[in-house]
Amino acid sequence: MLKSIVLLASITLVVQPAFAIETPRIIPRSERVGHPIDQVFGTLKHYFNDSSLSGFVLRSADQKSWTLVATRSDIDGANWNNWAFCKASAEQMIYRFEDGTATVTVQLQKAGAQATFMSVSADFQGTYTLGSQEARIDCTSTGNMERDLIAVAGGSPKGTR
């Protein structure tokens, strides 16, 4: 019996990595905001439209679906390290961070007369260079940008960190 248990445990340890599921790169962050949906939509639309305030460029704002899409480029290294993590190949680990871009999608849903359920996802791409070589890497969000945007809309300043 003991040999069967040891054999089963050994097989599990060997086979399990073959079935491991990779964590998704883009994970939406959500929170209930205590303001009406039209107010949250207007606040975010104004924030994304004012690039001097936010650094973003509003790409689309659809009030019928309550969806906003904005992009931000030329992200400095300090913000980049706070907002994104890039998994580089072994050869790219000596590359230097050059530029970062983010595409943010905000989806709003009515959560009562005076509340909104807000979901934010961010798609990050980093540009890294070594001499004349350049690599664009799809990166993973730390969740901090999404929480910052929820705070802009009136959610809790720290979100659900």
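Colleague: How many aromatic pairs does the structure hold?

Modeller: The model is a predicted one, and 5 aromatic pairs are found in it. In one of them, the ring centres of Tyr47 and Phe56 lie 6.5 Å apart with planes at 50 degrees, so this pair is classed as tilted. Tyr47 and Phe56 are both buried. In another, the rings of Trp80 and Phe124 have centres 5.5 Å apart and planes at 80 degrees, so the pair is edge-to-face.

Colleague: Which residues do ring pairs link into a cluster, and what lies over the face of Phe56?

Modeller: Tyr47, Phe48 and Phe56 are linked into a cluster by ring pairs. Over the face of Phe56 lies Arg72, at 5.9 Å from the ring centre.

Colleague: How should I read the nonpolar core, and which residues touch the most other members of the largest one?

Modeller: The general idea is that in soluble globular proteins nonpolar side chains tend to be buried together. Here the largest nonpolar core has 33 residues, and Phe48 and Met118 are the ones that touch the most other members. Two or more residues of this core come from each of α2 (37-49), β3 (67-72), α4 (77-83), β5 (96-110), β6 (116-130), β7 (133-141) and α5 (144-152). The largest share, 6 residues, is given by α2.

Colleague: What does Phe48 touch, leaving out residues up to four places away in sequence?

Modeller: With those neighbours not counted, Phe48 touches Ser54, Phe56, Val57, Leu58, Leu68, Ala70, Val104, Val106 and Leu149. Phe56, which is among these contacts, also belongs to the ring cluster with Tyr47 and Phe48.

Colleague: Which residues of α5 are buried, and what covers them?

Modeller: The buried residues of α5 are Asn144, Met145, Glu146, Arg147, Leu149 and Ile150, so named because their relative accessible area is under 20%. Their cover includes β1 (29-33), α2, α4, β5, β6 and β7. After α5 comes Gly154, which has a positive phi near 110 degrees.

Colleague: Which residues have a positive phi although they are not glycines?

Modeller: Trp66 is one of them, with a phi of about 55 degrees, and it lies in the loop between β2 (57-62) and β3. Asp74 is another, also with a positive phi of about 55 degrees, and it is found in the loop between β3 and α4. Asp74 counts as exposed, because its relative accessibility is 63%.

Colleague: Where is Arg96, and is it buried or exposed?

Modeller: Arg96 has its place in strand β5, and it is exposed, with a relative accessible area of 54%. The residues that Arg96 touches, not counting those up to four places away in sequence, are Thr127, Tyr128 and Thr129. The C-alpha atoms of Arg96 and Tyr128 are separated by 5.2 Å, although these residues stand 32 residues apart along the chain.

Colleague: How many disulfides does a search of the whole structure find, and which cysteines are joined?

Modeller: The search finds 1 disulfide, and it joins Cys86 to Cys139 with an S to S distance of 1.9 Å. The torsion about this S-S bond of Cys86 and Cys139 is about 95 degrees, so the disulfide is right-handed. The pair links distant parts of the chain, with Cys86 in the loop between β4 (84-85) and β5 and Cys139 in strand β7, 53 residues apart. Cys86 counts as buried at 15% relative accessibility, and Cys139 counts as buried at 0%.

Colleague: How many helices and strands does the protein chain come to, and in what order do its elements run?

Modeller: The secondary structure comes to 5 helices and 7 strands, and from the N terminus on the elements run α-β-α-α-β-β-α-β-β-β-β-α. Among contacts with a separation of 6 or more, 64% are accounted for by residues 24 or more positions apart. Of the 161 residues in the protein chain, 35% count as buried. The accessible surface of the chain comes to about 9,800 Å², and 55% of it belongs to carbon and sulfur atoms.

Note on methods: Residues numbered from 1 in each chain as written. Predicted model: local features only at pLDDT ≥ 70, side-chain atom pairs only at ≥ 80, totals over all residues. Heavy atoms only, no water. Core = buried A, V, L, I, M, F, W, Y, C linked by side-chain atoms within 4.5 Å. Buried < 20%, exposed > 50% of the residue type's maximum accessible area, 1.4 Å probe, protein only. Helix = DSSP H or I, 4+ residues; strand = E, 2+ residues; numbered from the N terminus. Contact = heavy atoms within 4.5 Å. Phe/Tyr/Trp six-rings, centres within 6.5 Å; stacked < 30°, edge-to-face > 60°. Lys NZ or Arg CZ within 6 Å of the ring centre and 35° of its normal. Disulfide = S-S within 2.5 Å. Areas by Shrake-Rupley, 256 points an atom, 1.4 Å probe, with all protein chains shown as cover.
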